[in-house]
Amino acid sequence: MKKSVFLGALTVAGLAAGAAAAGTMDDVKARGTLNCGVTTGLVGFAAPDSNGEWNGFDVAVCRAVAAAVLGDASAVEFVPTTGKTRFTALASGEIDMLARNTTWTFSRDVDLKFEFVGVNYYDGQGFMIPKELGVSSAKELDGATVCIQTGTTTELNLADFFRSNNISYEPVPIETNAEAQQQYLAGACDVYTTDASGLAATRATFENPGDHVLLPEIISKEPLGPLVRHGDNEWGDVVRWTLNALISAEELGVTSTNIDEMAAGTDNPEINRLLGTEGTLGEMLGLDAEWAMRAIKTNGNYGEIFAKNIGEDTPIGLARGLNAQWTDGGLLYSPPFR
Amino acid sequence: MEEHLSVSFVRTEPLPQLPPPATEQGIVKWLRENLFSGWLNTLLTVLSLIFIYKLASDTLPWLLNGIWNTDSLAECREILDGTTGACFSVLTDRWNQLLFGFKYPSEQYWRPTLAFVLLIVAAAPVLFFDLPRKMLIFTGLYPFIAFYLIWGGTIWTPIFALLGFVVGYVVYSRLVRNSFATAFFSGIAAALVSWWLGGFLTDLLASETPALEAVQSRDMGGFMLNMILGTVCVSLSLPIGIVLALGRQSDMPIIKWICVVFIEFIRGVPLITLLFVANVVLAYFLPPGTSFDLILRVIIMITMFASAYIAEVIRGGLAALPKGQYEAADSLGLDYAQAMRLIILPQALKISIPGIVNVSVGLFKDTTLVSVISMFDLVGMIRGPILASTDWNGVYWELFLFASLLFFVVCYSISQYSQWLERRLQTDHR
């Protein structure tokens, strides 16, 4: 039998694994859009509205960076990532930055080779419990059944907290936040624990939010912030200082409404440096002088973004708390623009 | 007159037929025989009725009292004001996102809709072979039309893709008399060359403003994505599965090994793992900057997965044929291709229909797994954007009920079709 063997011309792509191209900023400028990794959906932080437009607290950071670098806040390609795919998407270069309520931890920073450029939300793990149980402190939860998302840091924090207080609990493992809401409402567990912002957002969707209380204890530190790849410091600087510009703008009283006025020149030299009427800060970053002005104009300063997406006037209703400016007793403290 | 009295009465015409007793006819008989034919059955009937009543009294008010015209969950709950009722307004508010995803341009919704209607036309001659055979021409053209409609962009891409197939087929049919293998591989080479040339020409010919606005794969979503994945993967995996099943039965060791290793490997790996490979790991192996379409990657993985299963189903059909059928084909002097095409496969495929349909239905439902790799199919849309919006966080039953309804309609139609097909192909005497 006649057999012909054909070797197909296989174009095997070289195993250029994860060769993170230097010069992300050049890539972004050449492409004309910023690829920004966000969550597939978290109330208040990132979700598309009924017109398909992404909105939210994390999304605002992406838009500010796009406005600073490309001059167009809508030039963002939002790449939805799950908790499982987010780090590979960033490491493989599919996205330029990740703004997806990601906790800044030692191992993610050092071992996974990422660079957290700052913190845009200080979160912490809390407890939610039906009011009728009459519990006022997490230390009274001895013997409680606790709904907990598996495979997260919250699971470990919970075990630590109960052990150090020498009380017992029974975990009810669940997969997603949506499932947790149902389980908790159906009474499968007495307590639901996750990040405090998530608890507040969850409670806001209940039919009777007043029947449930958040306990005062916050048992972990969860600083959430945007991150970029290790090794491209120029790009890391751009994202870091865009975030700082939003924070500084609030501290200095620059808002989206008065920014045009202030851009004409003020008596405060720091505002002038921030908005590019004085000094050459933009040039040092490799951008033009008005980069920060565009970033702030997009969605306003940090305070405006907070109020619009997750603040007390929204259904989520988070108080500023730790996320107030340092001048108001919070932790937000941007290095000076000098 | 009087003498008549002594004569006993003789009836001259038959009595009119009386209706059967009330207990032996109509609904009463049916009830007696089917529901109350003994104390045990009576008890079970009563219990079932109580159960149905409970179920209906819980769900019907919720269903019938549904609210259809609010903009957010809070508003809907305000209108309901504590009474039981569903907030179906999430469906009226977000139906377009559930069907088409949140990024498909809304003024272009007619395109996937038209593609779906044409799908029915294209599938009809394949599914119902009483229809005129000429309709198959349209079926052959359909993939290119559908691609153009859904993805848009320049019309030259699908035209050159089609031309490549035509060129490949022409070359194949010219050479097939001499040797099947030469013709087959020359056909593939010719098609590749013409696609390569077509790529250049497409760049030259593509106008700046195509008639149909181009839509990125990333922007596909909703039930449309499930339909695309399901249709493409089922129709691709069937021929590949047949080839694999035949290869596994082949006498040629290398071909046999390749098929066995492929089938066993794919069947030994969960689909979700393959999807993760498609989404995450491939990005490491491709050179930076290459964008290999995500939908295409997922289609390849799901097709591989489904064809391994279909291959095993068809192998079952092949094994069920009596050996005499193979020998009969040989004794007629048919070569391998003819024997398979004319005698073996028609019978083997008929036996395999229930299995193939089973795999197809399962595969169609498995397309929802892509929500795990952050693609927004129907379930991904529900779990991600819609439940994460401030307006609709907290609506579960209404959304998942809608999703189940859509999937049920499609899967039930497939299963009904397969039953019709089995009856239609029944040639034995029972």
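**Entry 1: a strand pair in chain A**

I began at C147(A), which stands opposite V172(A) in β10(A). A reminder to myself before going on: this is a predicted model. Zooming out from that residue, I looked up the two strands, β9 (residues 144-149) and β10 (residues 169-174) of chain A, and found them paired in the parallel sense over 6 bridges.

Next I asked which strand holds the bridge partner of V146(A). The partner is V191(A), in β11(A). Strand β11 covers residues 191-195 of chain A, and its pairing with β9(A) is also parallel, over 2 bridges.

I then turned to β8 (residues 125-130) of chain A. This strand pairs with β11(A) in the antiparallel sense, and I counted 4 bridges there. Within that pairing, Q125(A) has D195(A) as its bridge partner.

**Entry 2: the whole sheet**

With the pairs in hand, I wrote down the strand order: β10-β9-β11-β8-β12 of chain A, an open sheet of 5 strands with mixed pairing. Which strands stand at the edges? They are β10 and β12 (212-214) of chain A; each has a single partner strand, so one side of each has no neighbour in the sheet. From one strand to the next, the twist averages 30 degrees.

Then I checked what packs against these strands. Helix α5 (residues 153-164) of chain A lies across β8, β9, β10 and β11 of chain A, and runs at about 155 degrees to β9(A). Helix α7 (residues 196-204) of chain A also packs on the sheet, where it touches β8, β11 and β12 of chain A. The direction of α7(A) makes about 125 degrees with that of β11(A).

**Entry 3: domains of chain A**

Domain 1 comes in two stretches, 29-122 and 224-328, while domain 2 is 125-220. Their centres, taken over C-alpha atoms, are separated by 30 Å. How many residues does each side bring to the contact? I noted 9 residues from domain 1 of chain A and 5 residues from domain 2 of chain A.

**Entry 4: the nonpolar core**

I moved on to the largest nonpolar core, which has 157 residues. Those with the most contacts inside this core are C36(A), C62(A), V65(A), A68(A) and L246(A). I was curious which element gives the most to the core, and it turned out to be helix α13 (residues 294-320) of chain B, with 14 residues.

Setting aside neighbours within four places in sequence, I found C62(A) in contact with L34(A), C36(A), V38(A), V76(A), F78(A) and A99(A).

**Entry 5: chain B**

Last stop, chain B. I listed 17 helices and 0 strands. Is this chain compact or spread out? The radius of gyration of chain B is 30 Å, well over the 22 Å that the globule rule gives for 430 residues, so chain B is more spread out than a compact globule. I also noted the box filled by the C-alpha atoms of chain B, roughly 115 × 75 × 45 Å along the principal axes.

Buried residues make up 28% of the 430 residues in chain B. Among contacts in chain B with a separation of 6 or more, 66% come from residues 24 or more positions apart.

To finish, I looked up the domains here too: the assignment for chain B gives domain 1 (23-64) and domain 2 (217-383 + 405-430). The C-alpha centres of these two domains of chain B lie 43 Å apart.

Definitions and conventions: Residues are numbered from 1 along each chain as its sequence is written. Chains are lettered from A and ligands numbered from 1 in the order in which they are written. This is a predicted model: local features need pLDDT of at least 70, side-chain atom pairs count only at pLDDT 80 or more; totals for chains, interfaces and linings use all residues. A nonpolar core is a set of buried Ala, Val, Leu, Ile, Met, Phe, Trp, Tyr and Cys residues joined through C-beta atoms within 7 Å. A residue is buried if 20 or more other C-beta atoms lie within 10 Å of its own, exposed if 12 or fewer, and partly exposed in between; C-beta atoms are placed from the backbone. Two residues are in contact if their C-beta atoms, placed from the backbone, lie within 7 Å. The radius of gyration is taken over C-alpha atoms; the globule rule is 2.2 Å times the number of residues to the power 0.38. Domain bounds come from an automatic or database domain assignment. Two strands pair if DSSP finds at least two bridges between them. Axes are lines fitted to C-alpha atoms, for helices over the stretch in contact, and angles run from 0 to 180 degrees between N-to-C directions.
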